[in-house]
Amino acid sequence: YQGNQQLYLVISDERGLPVACKNPTRVTIRTEKGLVEIIAQGTQTQNIIDNQHIDMNYKLEDRLKKGNYVVAVYAEKGLIGAAGFRLN
């Protein structure tokens, strides 16, 4: 994953549906299980190095409803990481 990468921020609800945004980015990512199409709310170009901390910010257009969500960051070469959270 090191080197210049386009990063994609994906926020989805508990059903796996992406959170709506005005200008989503649709892209196909190569993973270990094959090609996966994602719908990203935000993108960022980053020169990735070993043991690096990366910040990605996205201002939501609408408030999120109560429920469970997953935030994932993908690079052109696959999933970098994901985290879940719950809004009460």
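Asp13 is buried, because its relative accessible area is 16%, where buried means under 20% relative accessible area, exposed means over 50%, and partly exposed lies in between, with a 1.4 Å probe and protein chains only. The structure is a predicted model, in which local features need pLDDT of at least 70 and side-chain atom pairs count only at pLDDT 80 or more, while totals for chains, interfaces and linings use all residues. Residues are numbered from 1 along each chain as its sequence is written, and side-chain values use heavy atoms, with hydrogens and water left out.

Asp13 has its place in strand β1, and, leaving aside neighbours within four places in sequence, Asp13 is in contact with Asn68 and Tyr69, contact meaning heavy atoms within 4.5 Å. Asp13 and Lys65 are 52 residues apart along the chain, and their C-alpha atoms are separated by 9.5 Å. Ser12 also belongs to strand β1, and Ser12 counts as buried because its relative accessibility is 13%. When neighbours within four places in sequence are set aside, the residues in contact with Ser12 are Leu17, Pro18, Val19, Asn68, Tyr69 and Val70.

From these residues we can turn to the whole chain. The protein has six strands and zero helices, so that reading along the sequence gives the pattern β-β-β-β-β-β; here helices (H or I, at least four residues) and strands (E, at least two) are DSSP runs, numbered from the N terminus. The radius of gyration is 13 Å, which agrees with the value near 12 Å that a compact globule of 88 residues would have; this radius is taken over C-alpha atoms, and the globule rule is 2.2 Å times the number of residues to the power 0.38. Along the principal axes, the C-alpha trace spans about 40 × 25 × 25 Å. Of the contacts with a separation of 6 or more, 58% are between residues 24 or more positions apart.

What lies inside? Buried residues make up 31% of the 88 residues, and in soluble globular proteins nonpolar side chains tend to be buried together. The largest nonpolar core has eight residues in all, namely Tyr8, Val10, Val27, Ile29, Ile38, Ala40, Ala72 and Tyr74. Two or more residues of this core come from each of β1 (3–13), β2 (25–31), β3 (34–40) and β5 (67–75). Apart from this core lies another, of six residues, among them Leu9, Ile48, Met56 and Val73. A nonpolar core is a set of buried Ala, Val, Leu, Ile, Met, Phe, Trp, Tyr and Cys residues joined through side-chain atoms within 4.5 Å. Not counting residues up to four places away in sequence, Ala40 touches Tyr8, Leu9, Val10, Cys21, Pro24 and Thr25.

Asn23 is found in the loop between β1 and β2, and Asn23 counts as exposed because its relative accessibility is 64%. Asn51 is found in the loop between β4 (42–48) and β5, and Asn51 is likewise exposed, with a relative accessible area of 75%. Most residues other than glycine have a negative phi, whereas the phi of Asn51 is positive, near 55 degrees.
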